[in-house]
Amino acid sequence: RERIAAAARRLFAENGVQAVSIRNLASETGMSPMSFYRYFADRRAVLIQIWHDIFDSVFTMCHQAAQHWVEPEAALRAYCQVFVRYWIERPDDYMMVFCERDLPSGGETFFANSKIVQSELIWMQSQLELVCIGDPRAELQQLVSSMIGICHVHVTMPELGWPTPEVMA
């Protein structure tokens with residue numbers, strides 16, 4: 001599973017998710033296409049595994065930064081800055097996660113249903129409840145949209161000379 005995920009991550013970054021077939025993945029890992037199916041149900045299952053691994057990494061780093069602060073606002077700021085910096089430093093991962101549509105052919109969507117993403121949203125909202133005056137859910141949506149937007153302009157339009165992520169986040 002790890003070899004397949006590593007090969008897929010590289011191929012997806014080089015060619016785009018839609019351009020990579022099960023046959024490509026199997027060939028890249030030295031197995032037959034039928035052997036691939038012993039480890040993953042389909043290409044989307046590999047992509048979801050990669051998304052999970054990426055989010056596990058970014059959220060671990062965000063919490064490590066936030067834990068140094070007692071005040072919720074300072075913890076959120078540190079969390080957001082690490083989140084933004086993470087994606088800007090890993091543009092291939094950013095493109096694979098945020099520029100690939102989360103449209104399953106008949107199952108649950110990753111972002112709306114994954115425990116790893118949902119637990120982060122709950123944590124962030126709990127911090128916002130301690131510092132915001134308005135609706136914490138609306139504040140959360142604005143914050144997440146802003147963080148991803150900052151990442152997006154830095155990754156997709158770096159030539160425009162944006163302020164550093166620390167200034168923007």
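Colleague: What is the mean pLDDT of the protein chain?

Modeller: This is a predicted model, and its mean pLDDT is 91, with 99% of the residues at 70 or more. Where pLDDT is low, predicted coordinates should not be read in detail. Among the elements here, helix H10 (residues 165–168) has the lowest mean, 77, while H4 has the highest, 95.

Colleague: How many helices and strands does the protein chain have?

Modeller: There are 10 helices and 0 strands. Read from the N terminus on, the order is α-α-α-α-α-α-α-α-α-α. The C-alpha atoms fill a box of roughly 55 × 35 × 30 Å along the principal axes.

Colleague: What share of the contacts joins residues at least 24 apart?

Modeller: Taking contacts between residues at least 6 apart in sequence, 60% join residues at least 24 apart. As for burial, 38% of the 169 residues count as buried.

Colleague: Which residues of helix H6 are buried?

Modeller: A general point comes before the case. An α-helix has 3.6 residues a turn, so residues three or four places apart point the same way. In H6, residues 91–98, the buried ones are Asp 93, Tyr 94, Met 96 and Val 97. Seen down the axis of H6, these fall within an arc of 165°, so they line one face of the helix.

Colleague: Which helices do the buried residues of H6 pack against?

Modeller: They pack against helix H1 (2–15), H4, H5, H7 and H9.

Colleague: Now single residues. Is Val 84 buried or exposed?

Modeller: The cut-off for buried is under 20% relative accessible area. Val 84 has 0%, so it is buried. Val 84 belongs to helix H5. Val 84 and Met 168 lie 84 residues apart in sequence, and their C-alpha atoms are 9.3 Å apart in space.

Colleague: Why does Ile 116 count as buried?

Modeller: Ile 116 counts as buried because its relative accessibility is 14%, and the cut-off is under 20%. Ile 116 is in helix H8. Its contacts, leaving aside neighbours within four places in sequence, are with His 52, Phe 55, Asp 56, Phe 59 and Phe 110. Ile 133 is 17 residues from Ile 116 along the chain, with 27 Å between their C-alpha atoms.

Colleague: And how should I read Gln 64: what is its relative accessible area?

Modeller: At 43%, Gln 64 is partly exposed. Gln 64 is placed in helix H4. From Gln 64 to Phe 111 there are 47 residues in sequence and 22 Å in space, C-alpha to C-alpha.

Colleague: Last, the largest pocket. How many residues line the largest pocket, and which lie nearest its centre?

Modeller: The lining has 19 residues, and those nearest the centre are Phe 111, Val 117, Leu 121, Val 144 and Ile 148. The elements giving two or more residues to this lining are helix H4 (43–66), helix H5 (72–89), helix H7 (110–113), helix H8 (115–131) and helix H9 (136–156). H9 provides the largest share, 7 residues. The space in the pocket is about 390 Å³.

Colleague: How do the residues of that lining divide into nonpolar, polar and charged?

Modeller: The lining of the largest pocket has 14 nonpolar, 3 polar and 2 charged residues.

Technical notes
Residues numbered from 1 in each chain as written. Predicted model: local features only at pLDDT ≥ 70, side-chain atom pairs only at ≥ 80, totals over all residues. Heavy atoms only, no water. 1 Å grid on protein atoms, 1.4 Å probe; cavity = no way out; pocket = protein on both sides within 12 Å on 5 of 7 lines; lining within 4 Å. Points joined across faces, edges and corners; volume = space filled by probe spheres on them. Helix = DSSP H or I, 4+ residues; strand = E, 2+ residues; numbered from the N terminus. Nonpolar A, V, L, I, M, F, W, Y, C, P; charged D, E, K, R; others polar. Buried < 20%, exposed > 50% of the residue type's maximum accessible area, 1.4 Å probe, protein only. Arc of directions from axis to C-beta. Contact = heavy atoms within 4.5 Å. pLDDT = per-residue confidence, 0-100.
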